[in-house]
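Subject: Structure handover

Hello,

Here is the structure I promised you. Please open it and keep it on screen while you read my notes.

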Amino acid sequence: MKSLAAFAEEEYEAFRDLLRDAAGLKFDESRREALRLAARTRALACGDESFRVYLERLHGEGGEAERQRLLDLVTIQETYFFRNPEHFQALAGPVLHEVRLHAGGRPIRVWSAGCATGEEAYSIGLSLLEAGVHSTEVVGTDLSEAALGAARTGRYGQRAVRQVPRPLLDRYFERVDDQFLVGETLRQVVRFEHLNLIREPFPTVRFAGCDVLFCRNVIIYFTPESVRRIVRTFAECLLPGGVLFLGPSETLWQLSTDFELAEWGGGFYYRRRRPVPVREARPPVRATASLAPPRSPSRRPRRHPRRVAPPIPPASSGLDKALEALRAGDAPGATAILEASLDGQGAGAVPLVVLAYLYLSGGRREPAVDLTRRALALDPLCPDAHLLEGLVAREEGRHEESQAAFRRALYLEPASALARYHLGQVYAVCGQRRKAEREFSEAIRLLEAGAAASPLSVAYPAEALHHACRLAWDKCREARRA
Ligand SMILES: C[S@@+](CC[C@H](N)C(=O)[O-])C[C@H]1O[C@@H](n2cnc3c(N)ncnc32)[C@H](O)[C@@H]1O
């Protein structure tokens, strides 16, 4: 139909505003044509000869159901099992460990918000079952009724399950022709509900008390205003210490101070801050008894001819303030302070490196790479700048370069537990488990000896690092013995 061949400017704006108000979605010029095609498809299905008539239908009585159909078409439902596998490793590792400590014996509650056709929610359920958690409730929610229908059916093609290891496919799915049907064990812990994350009033009570929340690759399509609103809601729904997983290109940077960033195996997530006890004076390095996993390395970590680590260099007041903010868990605050202080001249390599680390943690690789280069040009012997190079290379899958950069960092600063931990991680990924074990073990020894902290170690609290090293060490040992 000719009148559906192009959007008049005011028609485009009317659709854009309707979808923003109905679901918080943003449509910029790059998605204008996709929006027109979806609107055209629905207008034709309704027998409407123009966008104007179809818009009247959407706004008219009974428009709700049609708005839902249009939303089903314009939302992007790309997903698959174990997308970003490092998140599921973190879930089954340190996250579960912490959550269990605080959950006591009660069921663990996980919410997959924007679960699309269900792969994410089932991957969560599967990871928890495999980790021996049977008392759990995983709720997948989405705006799209069509997607939820597919999720409840739970029948998937080869492409969707391509990252599911064979033994797990056999255990949790039934083979139906060339498809995979979710089996009863997994269905019992996962259920699905319709939920528009933007709709007011938000049913906070229904979702309050969550231990873990996945909302990945959803807020990337939201307007900034909707993102702010939903992040506040997530903070209300998560228990203190609860964990939020976002997609790799999503960040809470400058959005919320309710969360602190954490990293595991190269994947990042956010932890809902706990209220800080008033009289607390934190021990400098040692892992707390409650955080430490039950087993400890039996092998005495080897002695290292350690040179005394240099103290944190006297720095611009900008760096001091940023480190203070980081110690308080305020990464966005630290970032803003550093960005402001770098406007001036002569800041030195260290603030550049800390800012690069913050950018990288927030998924902003390009500015991180640029700052690392600048730091190395200023001070080619800055250990943390080499560590940053290693992290960037690891993210890009350049494992050999990554190892070399971490080794350079360790040559310059053998007492860097952070560099040892990351080097261990790359060795582990490359299947060099003995070497990995040695690095984790040495990192643990350094942390327990209270090795002098570099500025970057402020960004990665010693307790968390100690905990991560212990788990990684255990995992390597188990894998090697298996
Ligand atoms: C790209 S998928 C993400 C699927 C999965 N989380 C993943 O990362 O693989 C985005 C999902 O967000 C849903 N979505 C978009 N806006 C929403 C809203 N306002 N409320 C709830 N879900 C929404 C879409 O329907 C879609 O299924």
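Which residue does F259 stand opposite in β10? F259 stands opposite R272. Keep in mind throughout that this is a predicted model.

**The strands around β10**

Stay with that pair of strands. β9 covers residues 259-264, and it pairs with β10 in the antiparallel sense. Six bridges hold the pairing. The two strands form a hairpin, with two residues between them. Look at G265 in the turn: its phi is positive, about 55°. β10 is mostly covered, as five of its six residues are buried.

Now move to the other partner. β10 (residues 267-272) is also joined to β8, by two bridges. These strands run antiparallel. Find L244 and you will see its bridge partner in β10, Y270.

β8 (residues 238-246) has a parallel partner, β7 (residues 210-215). Five bridges link them. How does the chain get from β7 to β8? It passes through helix α11, residues 224-237. This β-α-β crossover is right-handed.

Strands of a sheet pair through backbone hydrogen bonds, either parallel or antiparallel.

**A three-stranded sheet**

Next, find the open sheet of three strands. Its order is β3-β5-β4, and the pairing is antiparallel. Which strands stand at the edges? They are β3 (155-156) and β4 (173-176). Each has a single partner strand, so one side of each is left without a neighbour in the sheet. Two bridges join β3 to β5, residues 179-182. In β5, F180 is the bridge partner of Y156.

**The ligand**

Turn to the ligand. There are 26 residues around the ligand. Those that come nearest are T75, T79, G114, A116 and L143. The shell divides into 12 nonpolar, nine polar and five charged residues. Why does the ligand lie between two domains? Domain 1 (2-74) and domain 2 (85-272) both give residues to the shell, so the ligand lies between them.

A116 sits in the loop between β1 (108-113) and α6 (119-130). Is A116 buried or exposed? A116 has 25 C-beta neighbours inside 10 Å, so it counts as buried.

F82 also has a positive phi, near 55°, and F82 is a residue other than glycine. Its loop runs between α4 (63-74) and α5 (85-103). F82 has 22 C-beta neighbours inside 10 Å. The cut-off for buried is 20 or more, so F82 counts as buried.

**A buried helix**

Last stop: α14, residues 349-361. This helix has 13 residues and reaches 18 Å from its first C-alpha to its last. That is close to the 18 Å expected at 1.5 Å a residue. Why is α14 described as largely enclosed by the rest of the structure? Because 13 of the 13 residues of α14 are buried. After the helix comes G363, with a positive phi near 80°.

Best wishes

How values were computed: Residues numbered from 1 in each chain as written. Predicted model: local features only at pLDDT ≥ 70, side-chain atom pairs only at ≥ 80, totals over all residues. Helix = DSSP H or I, 4+ residues; strand = E, 2+ residues; numbered from the N terminus. Expected span 1.5 Å × (residues − 1). Buried ≥ 20, exposed ≤ 12 C-beta atoms within 10 Å, placed from the backbone. Near = placed C-beta within 6 Å. Nonpolar A, V, L, I, M, F, W, Y, C, P; charged D, E, K, R; others polar. Domains from an automatic or database assignment. Pairing = 2+ DSSP bridges. Right-handed = clockwise from strand over helix to strand, strands pointing away.
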